[in-house]
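Please keep the sequence and the structure in view while reading.

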Amino acid sequence: MPEWTREITPRLARLALRPAREREIVEELSQHLDDRYEELRAQGNAHAAAIQLALSELDDDISGGNLLAREMLTLRQATTPAPPPPGAPSQRLMADTWRDLVYAARMLRKSPGFAAAAILTLALGIGANTAIFSLVNATLLQRLPVAQSDRVDYVFNGGTWNTLSYPAYAVLRDGTRAFDALAAWGGITASLNADGDTDLVSGVIVTGNFFDALGVRAVEGRVLGRDDDLTPGAHPVAVISHRLWQSRFAGRTDIVGTTIHLNGGQFTIVGVTPANFPGPQLGIPRDLYVPMMMQALMRPPRAGYSGEQNPDLLKNPNNSWLFQVGRRKAGVSRDQALADVVAVTTNYLRARGDPNARHPRLTLEPIDRRRSGAAPSDAIDRAALDGFRGHRAAHRVRERRQHAARPGHRATPRSGNQAGGGCQSLAHHPPGAHRERTAVIDRRNSGRLSRVAHSEGFRGGTAARRRTADRARFHRRSPGAAVLAGPVTPHRHRLRRGAGDPDVAPGLLPGLKDETAPEPRARRVTLKKALVIAEVALSLLLLIAAALFIRSLQDRAVGRSRLRGGRDRLSAPERQHSALYDGPGTRILPASGRTHGAVAGREERQRRTHRGADWRSASDHDCRRGAAGHRRADAR
Amino acid sequence: MLDRELKKGSAELLILALVEARARHGYEISKLIEERSGGRLKFKVASLYPLLYRLEERGWIVGRWIEKAGERRRRFYRLTAEGREVLAAQRDNWREFVEAIQQITGPEHA
């Protein structure tokens, strides 16, 4: 038979056929020419003449040109460029992407189990990563938009985020000379009624110098000022967040001067804060700002805040509920400011006869170094702690205190049990734990811890104890949230500790806290990238693990199905092998009068004989097994 | 031999009609056209197969390699559902066309 390929292939060369498709066409046309050649030979044509006549089918009778190529030139398959070889740079990005997507869809449809596992894995991975990254971004990477933030510090009573009473704040505010403005705020949840609708709004009740201390200006109207903080109950004005302005009031232009009702009282909106200002704490967005003098209405004891039995919080030195933030005067260092507030505090405690006057502790934390919002596990806790108040955790608090009071105790997270990390971290942060830039007069023994935990007024011991107890109960009852909080807790813990601590990972702490870091912004970007890379790597790892798992399941399933002996699933050599065994069975069984039988290999035969059976007595069950050594032969 | 353009215009209809009943390979289609037309219609390889490929690209027919015992594998073409609709429409059109031509070109009756 003539070799037609050499004649056809050159005629197709000018077309952009894919190699596989070209081979198919050549094969198909060759068969046609073979048939045509035999037909011509049968008609009496000589070999050469038959070839010549057959080849004339490929060319134009009139011009003698390449008719085949001309006819095929209008086909899509003849104009589709060949795909680039593996590894070659893509020439048509969109087309290749589409092809990849189609291929991926076909593969997923072909393996629904793998597809489901992959999609589920990706969904879980992306969801978890997004949640963690959002949390880290909100609490560790963002900064408050505060003017001249290097001069703005949080001032804590004792440990970080410890509160103090309003009278104590007033003493500090009036007594210190290190600050241009020392402001205080407390969290509130208010019932907002406007335009006939009522909503619960998270906000803060602030002193008149709050916005001065932070250096935040209004985008609409004005912010609260010192004139709004003079007489109790006489300043029914409010500032709302940009978010609330847009969502609740649809960004109406006449928002300034609008009358609203907060907790039943009539207020007037006087301004709107900038869109990028979430409130004094990152991670806890606030939508409402009301003057401190409206405390009786905006933060009454009946609202359920712990330890506030006296409705007049502005005069009660035993209810600690305020956080402080101060703007240092130009030229005043943080150490100088700390010494100043410690001196004022000491005098105040002495005047009250407080035994803690010998060991006052205050903490100044820079607002742009320290993550101002709650640390990750704090954020998780605070988001889910509502309604978890109670006294059962007092026992837990005592345990923590005893643990912290052991000789040689270090504020280091215990190894293992990361699920309880949030709880551990809090347990290792009693008021007596060593902190950076914390004035500690006496660090000697556990008695100090006990006094701190029980001190009131300036110490904020009640609130701290209650928060710790709540977190302990929360983590016991919500292991899921504890697992989430666990991985991030050690980092939060380290961030709170001194830069000289050998346990602190190099490169991590400086970018987030240590003021000696030369380029904190660059460090933050690096951390961001590292987080993204880690999340992507984790997702890929999960995906690969899922793929391997599904693959192993599929292999097992395929192995079982092949053992069942389905002939359609056999490969070509296996089919030939099977036919070889079927032949004798087909011929012998009718003669023997049996309807079923099997042919076994020598080894299988020996095994069966040894077992007391031969091929003719093989049961249906044995026949159906269809293992490699014996094939079923149905009587036809 | 029929006019080349006339043959071209009817080629699609011929192929669709031939693969309507059952799947056929290219050489079989070619021979059937030649036999049923009494040798007046012939398709060269260079015309037949590009036409088959075009009909396949349109989705009117679909080709599949089939291997029979003792034979080489061959590519058989069968009509698709869409091709069946196209065939019905083309048959109607062709019938109307032929009737119109006959009415015009037929002998005039007194």
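## Salt bridges

A salt bridge is a side-chain nitrogen of Lys or Arg within 4 Å of a carboxyl oxygen of Asp or Glu. One such pair joins Asp34(A) to Arg72(B), with 2.9 Å from N to O. Between chain B and chain A the count is four salt bridges.

## Basis of the model

Residues are numbered from 1 along each chain as its sequence is written, chains are lettered from A and ligands numbered from 1 in the order in which they are written, and side-chain values use heavy atoms, without hydrogens and water.

## The interface

Chain B places 23 residues in contact (heavy atoms within 4.5 Å) with 29 residues of chain A. The buried area (accessible area, 1.4 Å probe, that two parts lose on being put together, summed over both) is about 2500 Å², and carbon and sulfur atoms give 45% of this. In chain B, the residues that lose the most area to chain A are Lys44(B), Tyr53(B) and Glu57(B), together 26% of what that side buries.

## Confidence in chain A

Chain A has a mean pLDDT of 70, and 58% of its residues reach 70 or more. Over residues 370-397 of chain A the pLDDT is below 50, and over residues 478-520 of chain A it stays under 50. Where pLDDT is low, the predicted coordinates should not be read in detail.

Technical notes
This is a predicted model: local features need pLDDT of at least 70, side-chain atom pairs count only at pLDDT 80 or more; totals for chains, interfaces and linings use all residues. pLDDT is the predictor's confidence in each residue, from 0 to 100.
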